[in-house]
Amino acid sequence: MRFTVTEADTALAVGSGSLPVLGTPRLLAWCEAATCAAVEDELAEGQTSVGTRVELEHLAATAVGGTVEVTARQVYADGRLRRYAVAAREVGPDDRPGRLVGSGEVTRVVVDAARFMARISG
């Protein structure tokens, strides 16, 4: 998945710092979005996945206007549990992946959406 950093994505805008560069919470959201897309084809009717654990290193700043490509690769599956290695790289002017912006691992669990919501609705 590709994303372009906007003012709304900055640390200043999301409350995680004072600089106008890609904020870690937004990078994390993009990594989770990539894992949602990766698991989507495995889901049956009425199923979804929920994030349960995240480990993320934000390694380099990205300025507003920069493009970031986020990938998610499944590294473990057991029943409903899925674990993904995630990587975010800047995209260079030649449309090739550049420096590593962030990397880590996201764990998701496949759930029945209606049952999940019924449990938390009270």
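Visitor: How many aromatic pairs does a search of the whole structure find?

Guide: This is a predicted model, in which local features need pLDDT of at least 70, side-chain atom pairs count only at pLDDT 80 or more, and totals for chains, interfaces and linings use all residues. Residues are numbered from 1 along each chain as its sequence is written, and side-chain values use heavy atoms, with hydrogens and water left out. Rings of Phe, Tyr and Trp (its six-membered ring) pair if their centres lie within 6.5 Å, and the search of the whole structure finds one aromatic pair.

Visitor: Are the rings of Phe3 and Trp30 stacked or edge-to-face?

Guide: Planes under 30 degrees apart count as stacked, over 60 as edge-to-face and the rest as tilted. The ring centres of Phe3 and Trp30 are 4.5 Å apart and their planes stand at 5 degrees, so the pair is stacked.

Visitor: Which parts of the chain does the pair link?

Guide: Helices (H or I, at least four residues) and strands (E, at least two) are DSSP runs, numbered from the N terminus. The two residues are 27 apart in the chain, with Phe3 in strand E1 (residues 2–4) and Trp30 in helix H2 (residues 24–39).

Visitor: Is Thr107 buried or exposed?

Guide: Thr107 belongs to strand E5 (residues 97–112). Buried means under 20% relative accessible area, exposed over 50%, and partly exposed in between (1.4 Å probe, protein chains only). With a relative accessible area of 5%, Thr107 is buried.
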